Number of protein chains: 4
Amino acid sequence: MDEPIRVTVWNENFHETSERDGAAMAERYPEGIHGAIARGLGDQLGDRVVTRTATLDQPEHGLTEEVLEQTDVLTWWAHMRHDAVDDAVVQRVQDRVLSGMGLLVLHSGHFSKIFKRLMGTSCSLAWRSADDAELVWTVAPGHPIAEGVPHPIRIPEQEMYGEYFDIPAPDELVFLSTFSGGEVFRSGCTFRRGRGRIFYFSPGDQDFGVYHHPDIQRVLANAVRWAAPEQRSGREAPGLVNRKVPDFVGATPNAEVAR
Amino acid sequence: MDEPIRVTVWNENFHETSERDGAAMAERYPEGIHGAIARGLGDQLGDRVVTRTATLDQPEHGLTEEVLEQTDVLTWWAHMRHDAVDDAVVQRVQDRVLSGMGLLVLHSGHFSKIFKRLMGTSCSLAWRSADDAELVWTVAPGHPIAEGVPHPIRIPEQEMYGEYFDIPAPDELVFLSTFSGGEVFRSGCTFRRGRGRIFYFSPGDQDFGVYHHPDIQRVLANAVRWAAPEQRSGREAPGLVNRKVPDFVGATPNAEVAR
Amino acid sequence: MDEPIRVTVWNENFHETSERDGAAMAERYPEGIHGAIARGLGDQLGDRVVTRTATLDQPEHGLTEEVLEQTDVLTWWAHMRHDAVDDAVVQRVQDRVLSGMGLLVLHSGHFSKIFKRLMGTSCSLAWRSADDAELVWTVAPGHPIAEGVPHPIRIPEQEMYGEYFDIPAPDELVFLSTFSGGEVFRSGCTFRRGRGRIFYFSPGDQDFGVYHHPDIQRVLANAVRWAAPEQRSGREAPGLVNRKVPDFVGATPNAEVAR
Amino acid sequence: MDEPIRVTVWNENFHETSERDGAAMAERYPEGIHGAIARGLGDQLGDRVVTRTATLDQPEHGLTEEVLEQTDVLTWWAHMRHDAVDDAVVQRVQDRVLSGMGLLVLHSGHFSKIFKRLMGTSCSLAWRSADDAELVWTVAPGHPIAEGVPHPIRIPEQEMYGEYFDIPAPDELVFLSTFSGGEVFRSGCTFRRGRGRIFYFSPGDQDFGVYHHPDIQRVLANAVRWAAPEQRSGREAPGLVNRKVPDFVGATPNAEVAR
């Protein structure tokens, strides 16, 4: 794909605008978590990517048909307001994923409606907010998402996310995280659903500036490239097909098929 | 597990009771599709199984909390009335699957609410009603569900189900079907979700007496045994856990752990 | 399977008989590692299992055609003498696995000829001998091998095995281990090869009495039950088949197939 | 990767040079099977690929250290002379795959030493030479290897390859083939081994001009792009690592890690 990948970075934008967390977030993420993620993608990918952002409070959460039609990869960060997301928008995003749009689900997005719907499980996990150090280990060293990533990535402070993480077995397990307390988490997982590619990546709590970490930015940039569909327009979700004519009818001789 | 496996055989029981199909169904399946499936399991497994049946028209579709609590494996056949299934019952069945109950989804059950919810995809496929012959090939010969099953199973007449079948990549692909028209279908697929095991098996259209076929009965009996949970009571779905205490604290020396 | 599972417990039996380690091993494992594993299986499974042991120094390493023909599950522990294993015996074991015999590869057995041959990769890993504590976490809670196993298993002292572990992506990932030093390891992995089931399980260094740990014994017992083939005799490896007659020829009508 | 992908197309070149088949092959494949494959890649990928060919009869079968060091993707066609391939070359190719070189194994290459070694299974299958028509169905429509490929691909005449195909469960199943006789085959399979990506693709018998078929050429071109490593030089196979220092030592505060 020679044209730039069109990424929409979505954020519930709650911590940033809340009375309780607003000041700290403004210090940590002056442009919001969405701003930091978008900036990191730009730093990593340059003109191979164009980003826009969208937030919960916008009409249709900023995820209109038009926006999604022009989105190759959607990233999803949310934590406190999962229930406020309109079911119609969730349905729309699911349809787009099945049609081929890439989806990156980040950190506490594990409990979003869209992730739970695409997984079919509870997506519950174990957690602890205690400034654990986190190490992110690569277990699929030939995977494009792991390209150029140190082994391990070292994140000095981070919320602990631990097993059991109630997801389907990932199609590909790319990263595993450990925490100071001894816990483990399947922190980088790919899933194919319909024509779409999904990547869940857990590092990224609102209380730590993880999205400024260059290795984390590298992972997200790699994931955007991996998740982008080959075909940029006219993508459709799989549907019911009545194949009325048996497919063995009317075969053409080899000689005529070849040029 | 030494006690018998408790199976609940569910059927929408629509074709059997409809004006259009009732007479033909009474000839083909005098006890209904549910009756035939239950009988087949009894023939194959004897006293290793106890079956009950439940249907759409019963209160709570016959799937009360009490019934599900006492069900090790649920089988699901439906075709025309998917939308009539109460969302609360679907949620209840999903919770039980995540808690460890086995689930067999049969034929047109691919479009049931419960299957689509557990898969997260459209579950659409290609089809043709034209009396194709179907061959069912084993591609996991060491799998318990394939034990004692001929290669291929030959089904003289059957509705064609073909790819693309919009499901997540199965955890294990056990059977592939071909049809006279040249189509192919992933006809026997396992999925783990939460603590539960799911098996989708496609042979079994209402217009053909496929559930009387001894090889098909054998597959269903094998699948019931495979899907039954080791633990029969007190099963719970995975949930959110706050591990407040780091897990490396307070380790006991090896000598004290061992007997 | 109502008859007891026939397990052959294989050990290179080198540390036990070496001048350097013999005395410590006699204290830790008076019956050898093979004796401890066999005893643990007996304690857990009672009359559902019969065990025998075999060691490197025996003729054909104790793994004659007759022994393997009567073995449902083989367990493999080795560390220092991988190269001393006869290639003909390795070939024989591989053939039996493809024919349906279960195989449990334990700890440093990751570098055995038989495991490397069945995996097709280098099977290399990271390691450190420094008395790390190990925690073994379940990531497939509905898997038979995890039945009744605490989350996590706590092993006070153990050699560290860490990623990257160069194996094919496991068919099922059952356990993940963490270590005091912060490392992670895919410590419980299943693989299907031919008709056989393979389970790799890493806890079990010769310097620690891990095989006396009741939770570890439980895992091994569960794994033996999972790996045992349904069919006990006449098992054959998959082979080349010339299907001279097209399979759609000569289909029998449904009515004649059903009883 | 902006530089062209360097592909080495390997062929045993036996049918082309044999007394029995030479004349027919010269008609069907004037440049040999290797020439046709290389030409098809060039037609599809233009200046995004550079190809060279190598054959069995060359010194070191044309696969010297230098050649492999400069190869991003190796394709392998062989049928009659598997045993004539030097074990040292097989070892060298395996090492390069584990180091990240892509490998495409084609048709009867399923029985090559390199494929059997990387799979760890017998790689046996069912077959019939009877001019069956073959249909190639996509079961992973979002996979890069399926991009732009019709559903199904229609191959008028081809040798039948059928199940059971004794391979490990593929990491990704991309294509399934059906044949006039009713058989089925997992004809497009991906495997990750070490840092390398492997694609097996079955259409391509020497008796039919399948490599002139534009859809088959498209699959091979897609597969070359998918299998090419991100990193072109300095690739190394995974190896044993002694991590003497626990990884949780010496963590740096978040503020210092971030730019």
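At what angle do the axes of helix H2 (residues 32-45) of chain D and helix H6 (residues 214-227) of chain D cross? Keep that in mind for the first close-up, and remember throughout that this is a predicted model.

**Figure 1. Helices H2 and H6 of chain D cross each other.**
The answer is roughly 80°, and the two axes come within 9 Å. Angles of 65 to 115 degrees count as roughly perpendicular, so that is the label for H2(D) and H6(D). On the H2(D) side, look for D:Ile37, D:Gly40, D:Leu41, D:Gln44 and D:Leu45. They meet D:Pro214, D:Gln217, D:Arg218, D:Leu220, D:Ala221, D:Val224 and D:Arg225 in H6(D). Sort this contact by class and you get 7 nonpolar, 3 polar and 2 charged residues.

**Figure 2. Helices H2 and H6 of chain B pack together.**
Now hop over to chain B, where H2 (residues 32-45) and H6 (residues 214-227) pack at an angle of about 80°. Their axes are 9 Å apart. That angle makes H2(B) roughly perpendicular to H6(B). H2(B) brings B:Ile37, B:Gly40, B:Leu41, B:Gln44 and B:Leu45 to the contact, while H6(B) brings B:Pro214, B:Gln217, B:Arg218, B:Leu220, B:Ala221, B:Val224 and B:Arg225. The tally for the contact of H2(B) with H6(B) is 7 nonpolar, 3 polar and 2 charged.

**Figure 3. D:Arg186 is a buried residue in strand E8 of chain D.**
Strand E8 covers residues 184-193. Why does D:Arg186 count as buried? Its relative accessibility is 4%, and buried means under 20%. Follow the side chain of D:Arg186 and you'll find a polar contact with the side chain of D:Glu163, at 2.9 Å. A polar atom of the D:Arg186 side chain also lies 2.8 Å from the backbone oxygen of D:Phe165. Leaving aside residues up to four places away in sequence, D:Arg186 touches B:Val139 and B:Leu176 from chain B. From chain D, the residues it touches include D:Tyr164, D:Ile167, D:Pro170, D:Leu173, D:Phe175 and D:Leu176.

**Figure 4. C:Gln94 sits in helix H4 of chain C and touches chain D residues.**
Helix H4 spans residues 87-99. Is C:Gln94 buried or exposed? It's buried, because its relative accessible area is 8%. A polar atom of the C:Gln94 side chain lies 3.0 Å from the backbone oxygen of D:Gly120. Besides D:Gly120, C:Gln94 touches D:Thr121, plus C:Ile114, C:Arg117 and C:Leu118 from chain C, again not counting residues up to four places away in sequence.

Methods:
Residues numbered from 1 in each chain as written. Chains lettered and ligands numbered in written order. Predicted model: local features only at pLDDT ≥ 70, side-chain atom pairs only at ≥ 80, totals over all residues. Heavy atoms only, no water. Axes fitted to C-alpha atoms, helices over the stretch in contact; angles between N-to-C directions. Helix = DSSP H or I, 4+ residues; strand = E, 2+ residues; numbered from the N terminus. Parallel < 35°, antiparallel > 145°, perpendicular 65-115°, else oblique. Contact = heavy atoms within 4.5 Å. Nonpolar A, V, L, I, M, F, W, Y, C, P; charged D, E, K, R; others polar. Buried < 20%, exposed > 50% of the residue type's maximum accessible area, 1.4 Å probe, protein only. Polar contact = N/O pair within 3.5 Å; in protein donor to acceptor, adjacent residues only side chain to side chain.
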